[in-house]
Amino acid sequence: MKLSAIEGRYSLPVFPRRDLTLVRGEGALVWDDEGRRYIDCVAGVGVASVGHANPEVAEALAEQARTLVTCPGIFYNDKRARLVERLAAIAPEGLERAFLCNSGTEAVEAAIKLARLSTGRSRIVAAMRGFHGRTLGALSATFKKEYREPFAPLVPGFSHVPFDNVEKLGEAVDGECAALILEPVQGEGGVRIPAPGYLAEARRICDAAGALLVFDEVQTGFCRTGRMFACEHSGVRPDMLCVAKAIAGGVPMGALLCGERVEPAVGRHGTTFGGNPLACAAALAAIEFMEREDLARQAEEKGAWFEDRFNRQRPARVRALRRAGLMIGIELKERARPHLARLAEEGVLALPAGPTVIRLLPPLVIAIEELERVSDALHAVLAP
Ligand SMILES: Cc1ncc(COP(=O)(O)O)c(C=O)c1O
């Protein structure tokens, strides 16, 4: 039986699957079980920023696996201490304390709970087209009807405003609002970058209403957009910052970084695996790699190079290219999904973001020659 058939037979089909079995990766490349090689602009959906099979992360994992894999949060731990110290150093100023968990949705879940705890209010405002995860709290902040409706009733108290619209934000965020949660650049929603000044206005409106501002940087964090965190482009500091995906070089981990307005939650929130030494060791190695190799600068330079190259002869099917660092959305005048299969035939794996956008989230270590092949493959697939 083919591996894809075995997995298809014995796992719950929650994702629309592509007929590809990936078995190995290195840098920006992955291989399938028949030895075919692909340039991976999926990267675990924006996870493998330091490259697949990063040797420094692998070494840190192997060493930690021989030392101590698990240590619950009721004890202190050396790797966890070093990691939270490091996170405080790289986070936007004032976000000094971290809650460590295992995924993006858990970071968002913690943000929602702590926003309610800290303000004594229950209402949460989120943005249309926003994506924040699939657990019930995070799903209540997520906008897409297809993800939400089958699981109704969701958590009460959530509402959605149009993204990048200051006026509607001012109307929705009032004295009963615990928090406003926004992605500084919307990922799943189509790689949407708000107008300059929008996030600053969000900060001002939250302050006036006494609400907390939460940025969901699960997808944009850790160098993806050309800065360590995307909010640095605007200079706006949130009260809480949700991160995950690239934080630990591919090992599952999430974190909620908190400022002083967030109340501690001793005895009120917790996790078994969150902050385990294995993931912390991987995160320490991944963050050290990001800083030493200046992946933020690499993301900006390589993203700009790609945009220039792709746009030299932009295919007529393309409506727009939107980009923040190496977070790239190519909006088509038609549906994106059929082109993804043809791209794979050309040796490039890519993602959709909404019905008409092809999204590229390559490892930030991708070589220029590889980006050139991605651009050529896109041109081949999108040619008239
Ligand atoms: C902005 C954002 N928030 C939250 C999540 C949920 O993260 P996870 O899938 O790790 O739960 C995602 C996942 O794509 C995301 O892009």
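This is a walk through the structure above, from its overall form to a few local details.

Keep in mind as you look that this is a predicted model. Let us begin with the whole chain. Its C-alpha atoms fill a box of roughly 55 × 55 × 45 Å along the principal axes. A compact globule of 384 residues would have a radius of gyration near 21 Å, and the chain has 20 Å, so the two agree. Within the chain you can find 13 helices and 15 strands. Of the 384 residues, 49% count as buried. The contacts tell you about the fold too: among those between residues at least 6 apart in sequence, 73% join residues at least 24 apart.

Now go inside. In soluble globular proteins, nonpolar side chains tend to be buried together. Here the largest nonpolar core has 122 residues, and A111, L180, A255 and A282 have the most contacts inside it. Helix α10, residues 277-292, gives the most to this core, with 12 residues. Leaving aside neighbours within four places in sequence, L180 is in contact with V125, V173, A202, C206, A211, L213 and V214.

Helix α10 deserves a visit of its own. It has 16 residues and reaches 22 Å from its first C-alpha to its last, close to the 22 Å expected at 1.5 Å a residue. Is this helix largely enclosed or largely open? Because 12 of the 16 residues of α10 are buried, the helix is largely enclosed by the rest of the structure. Among the buried ones are L278, A282, L284, I287, F289 and M290. After α10 comes D294, whose phi is positive, near 45°.

For a contrast, turn to P338, in helix α12 (residues 337-345). P338 and F143 are 195 residues apart in sequence and 24 Å apart in space, C-alpha to C-alpha.

Next, the strands. Strands of a sheet pair through backbone hydrogen bonds, either parallel or antiparallel. The hairpin of β2 and β3 has 4 residues between the strands, and G35 in the turn has a positive phi of about 85°.

Further along, an open sheet of 4 strands has the order β11-β12-β15-β14, with antiparallel pairing. Which strands form its edges? They are β11 (318-324) and β14 (351-352), each of which pairs on one side only. Strand β14 and strand β15 (residues 357-360) pair over 2 bridges, with P352 opposite I358 in β15.

Finally, look at some backbone details. Most residues other than glycine have a negative phi, and most peptide bonds are trans. A cis peptide bond joins A152 and P153, with omega about 0°. P153 is found in the loop between α7 (145-148) and β6 (158-161). D164 has a positive phi of about 70° although it is not a glycine, and D164 lies in the loop between β6 and α8 (166-172). C223 is not a glycine either, yet has a positive phi of about 85°; its loop runs between β8 (212-216) and β9 (240-243). Their surroundings can be compared through the C-beta atoms. D164 is partly exposed, with 18 other C-beta atoms within 10 Å. C223 has 27 such neighbours inside 10 Å, so C223 counts as buried.

How values were computed. Residues numbered from 1 in each chain as written. Predicted model: local features only at pLDDT ≥ 70, side-chain atom pairs only at ≥ 80, totals over all residues. Core = buried A, V, L, I, M, F, W, Y, C linked by C-beta atoms within 7 Å. Buried ≥ 20, exposed ≤ 12 C-beta atoms within 10 Å, placed from the backbone. Contact = placed C-beta atoms within 7 Å. Pairing = 2+ DSSP bridges. Rg over C-alpha atoms; globule rule 2.2 N^0.38 Å. Expected span 1.5 Å × (residues − 1).
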